[in-house]
Amino acid sequence: MNEWLDEDAGPVVRPYAMTRGRTRPSTGEFDLIALVVSTGATAAGLEPEHTAILGLCDAPLSVAEISAHLDLPVGIIRVFLGDLLTAGLIQARAPQPAAELPSRRTLLAVIDGLRAL
């Protein structure tokens, strides 16, 4: 019996083989809710997974959404996103820390001001 063949899934490729053993992105942190968008630039010699990510990211998508669409672990997606960021093929925007968000009091004042219009 061939251990590298699953009758339902076809050939099995271990995630570490897809990233050539890398477990961390070369650049960037890529929080689960960080938004990623393609820059529109093109490059030759990309892996199929890189191309798939670029195809998905015409509009901003979170790292978690990319992982779900491609049915790949988030860690693997982060490695590929690091490659694409290094190549200038994507832009990533980290989520805004809660400490930098306006206070509840400020938001209520804005809502009151809008209602007064």
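**Helices and loops in a predicted model**

Modeller: Asp 71 is found in the loop between α3 and α4. Helices here are DSSP runs of H or I, at least four residues long, and strands are runs of E, at least two long; both are numbered from the N terminus. This is a predicted model, where local features need pLDDT of at least 70, side-chain atom pairs count only at pLDDT 80 or more, and totals for chains, interfaces and linings use all residues. Residues are numbered from 1 along each chain as its sequence is written, and side-chain values use heavy atoms, without hydrogens and water.

Biologist: Why is Asp 71 called exposed?

Modeller: Its relative accessible area is 70%. Exposed means over 50%, buried under 20%, partly exposed in between (1.4 Å probe, protein chains only). So Asp 71 is exposed. Its phi is positive, about 55°, although it is not a glycine.

Biologist: What makes Phe 30 count as buried?

Modeller: Its relative accessibility is 5%, so it counts as buried. Phe 30 lies in the loop between α1 (15-18) and β3 (35-38). Its phi is also positive, near 60°.

Biologist: Why are α2 and α3 called oblique?

Modeller: Their axes cross at roughly 120°. Under 35 degrees is roughly parallel, over 145 roughly antiparallel, 65 to 115 roughly perpendicular, and the rest oblique. So α2 and α3 are oblique to each other.

Biologist: How do you know that the length of α4 agrees with its residue count?

Modeller: The expected span is 1.5 Å times one less than the number of residues. The 13 residues of α4 (residues 74-86) should span 18 Å; the end C-alpha atoms are 18 Å apart, so the two agree.

Methods:
Axes fitted to C-alpha atoms, helices over the stretch in contact; angles between N-to-C directions.
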